[in-house]
Structure formats: structure tokens, C-alpha cells
Amino acid sequence: SVAGCENVTDVGMCMLARHCDQLTRVNFRGCVKITDVAVSALARGCPQLTSVSLENCPKVTDAGVMALALHCPGLVKVNFEGCHVNDAALVVLARNCPRLGTVIVEGCHGVTDVGISELAQRCPYLTELNVAACLDITDQGMQSLAEHCSRLTSLNVRWCCGITDVGVGAIATRTARSLTALNVAGCAQLTDVGLAAVATQCQKLCSLNLDRSGVTNHGVAQLARKSQAKAWTELTLSFCADLSDATLQELVSHTACHELQQFRLSHCVAISDSGVCAVATGCPQLTLLDLSGCPLVSDAGVEAAARGLGVQLADLNLEGCSQVSDLGVLALSTHCGASFTALNLCGCGGVTDSAVTALAQALPQLTRLNLGGCVSVTDTAVTAVAQHCGAQLTFLGLCETEVTDEGLEAVGRGCRALAELSLS
């Protein structure tokens, strides 16, 4: 793997291909200078390749992918996210690499139903497909997948806006015994009808992302009542604006939520402290809870989360929860344990130096802390953070606070691990 090595060029990659003909797996993620010339040389020189990642290599096009397909028939896993790949390349790939199990073409805008249908028909072992932001994929592609890929375990169609209840329903019905992860975020034409099909059919589903879909409170209620899933680990309901406390309480009472580890409720604006209390009780294994943009959540909800989840909670996002003040932060300081590493308090204007200082003293293992918009936070709190958390802290947000040069000097002296500082 040379992932992230931005200075790697075609020259180095061609030399590698010439001398390392036994390579089976390569990862060139983020090597932004390599082109089809290098990928073609790699394909010819390393015919035993089974796994290739060219994620975020924007100069790689169909020509490079076709070369891989023609010379490396044993490919099992490919990642072309962010490359300029179209249907033509997927057709050649599907026809020459029948063992493909994982295909990632996120953001490849030239990929349509044509390419997906070819993959579905030619690659019977396909288990993981990521076509997020491939904007021309529709129900037709989903129906082809459903018909031919009954082993599918993971499907990401985020921001594939042409997909409707018909396509999702077909997937749910034909992959009911295999699908474990489904991401339909941004699929605005997916409604409660499509979600009902997923709920009643997909018994093994453990990860579901409904962020910015067309699902409503009614659909989530049906999910709570009819889901056949045995154990969820990740659930995202962000931007379900009418999701109510009552429905949330019903959902977390489902036995599948007892194993839930990550729960994202960002901008579920009708959720209040009672809903958060239910989450803290019904989801005892949570490590990540996102309540950003939930204006009705106050200190009472934060305290409930801290008491109920504090031992294993690692990441809490309270951005925009303007009713959260020192009381909520002090509860986190008291009840959260060594696992707690990330806290976002951006926009929590009632938080002051005293609470932040107590937080830093109690939780020195913090790696990410966002105090942006905490207008009463001054150099006193920032100095305490630098003193107690400096060894671990990698991100610190201080926009719209009362921090001066004195506070920044403390950060400079104490936060030796800091990788990102936000002041705006």
C-alpha cells in the first residue's frame, strides 16, 4: 500500500509493475498523479492481482480499468471511487472478471443502469456494491441486481436520486437472507412503502442509513413494529423532521436496538429529552450518538445519555443544541469513562469556562473537541484543555469564542498532537 502518497507518479508505478510480478493486492488511494499509463503497466506486469484500490485517483479513466480487466481476470475486489469511470469500463470488467465480489464506483458519474446490469448478470459472486452519487442509476439497475445477485450483503446507493420504492422493494425481497447493510441516504423518492419492504424482508440487516430520504415518522413506526432484523449495529435517521419522541421510544424498545452501536439523529428537530432518555435506556451498547441540530434537546437529555451510556460512549455530537449548558457538560465529565474521545459542543452558547475546565480535567483522553460558538468560553478553558488533553487532542474548534493570543499560545505549547485547529 502506498495510499496517500501524492508524489507517486507513473514512473514509480511502472517500475513496481516491472519488478513485482507476484503482487496480489495494491492500494494507490489518493495517488493523484498516476494515470492510465501506470495502471495499464500494473495490469500487464501483475496478472495475479485480486484486489486493486485506485480511490481518488482522478486521472484514471476507462482505459486503465479496461487494462486491469483484460490482464487480471482473478480480480475479486476493486475500488474506483473518484475515478473517471463509465459504463464501458464496467462492461469489460464484468465480462472478464467473473469472480468479482466487491465493486466500489462511488462518484463515478458515467456509471448508469447499463454498467450495473452487466455486473449483476456476469458476476454471480457479487456481495458488496457501492454506487453512491452515480446519479443516473434507477430502479432498472436495482431490479437487475435483485434478479441476479441474491448473495448481496452490502449496497450503497446514497444520492442515487432515481431510485424509488420499486427498486428498494425488489432488493429487499430478493436479498432478504443476505443483505446486512443498506445505505439509501439522499434517495428522496424512497418512501415509507419502500422502508416497509426492507423492515419485513431483511432479517440480517444490521446497518441502515435513511438520512435525507423520503421516509417519515410513520415509516419509522412501521420499522419499529414490523422489522425482522435481529440486531442493528448502525442506524441513521437524520433529517427525519417529523420523527417523534413516541416513535423513537417504540423503535428503541425493539430487541434489535439492544446491540446498536452508532445512532445518528441529526436534525430530527422534533426529538426532545424524553426521546434521548429512551435511547439511553434502550440502546445500552451505543458508542456514537449524533444529536446535532436537535434544538429541543437540553441538559436533561445530555445527563440521561451520560448516565445511561457513559461507560462505553465514545463520540457525542451536540452541535446546535442551544439549550445545552454547563449542567449537561458537567454530567458528561462525571459519568463518561475512558472510552469518551470526541465531543462537539458547537453552538452550545450556555457552556462556560468552568464546565469545559472540569471536562478537560476529567477526560484527558479527548482527541476531538469542538467549542465553536460557545461564546462564553475564554482563554481559561482553552488553557485547561491544552494542559490536560494536549497529549491526545488532534482537533480543536474555537470559532466564535472569546479566545485571544494567550489561549492560542497555550494551545501551541500544550497540544503537540494537534492536526486541525478551527478558528472560523
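**Briefing on the protein chain**

The secondary structure of the protein chain comes to 16 helices and 16 strands, where helices (H or I, at least four residues) and strands (E, at least two) are DSSP runs numbered from the N terminus. The radius of gyration, taken over C-alpha atoms, is 24 Å, close to the 22 Å that the globule rule gives for 424 residues, so the chain is as compact as a globular protein of that length; the rule is 2.2 Å times the number of residues to the power 0.38. This is a predicted model, in which local features need pLDDT of at least 70 and side-chain atom pairs count only at pLDDT 80 or more, while totals for chains, interfaces and linings use all residues. Residues are numbered from 1 along each chain as its sequence is written, and side-chain values use heavy atoms, with hydrogens and water left out.

**Whole chain**
- Along its principal axes, the C-alpha trace spans about 65 × 50 × 30 Å.
- Of the 424 residues, 57% count as buried, meaning under 20% relative accessible area with a 1.4 Å probe, protein chains only.
- Among contacts (heavy atoms within 4.5 Å) with a separation of 6 or more, 81% join residues 24 or more positions apart.

**Helix H14**
- In helix H14, residues 353-362, the buried positions are Asp353, Ala355, Val356, Thr357, Leu359 and Ala360.
- These buried residues pack against helix H13 (326-335), strand E13 (342-344), strand E14 (368-370) and helix H15 (379-389).

**Ser266**
- Ser266 lies in the loop between strand E10 (262-264) and helix H11 (273-282), and Ser266 is buried, with a relative accessible area of 8%.
- Apart from neighbours within four places in sequence, Ser266 is in contact with Ser238, Phe239, Asp290 and Ser292.

Conventions: Buried means under 20% relative accessible area, exposed over 50%, partly exposed in between (1.4 Å probe, protein chains only).
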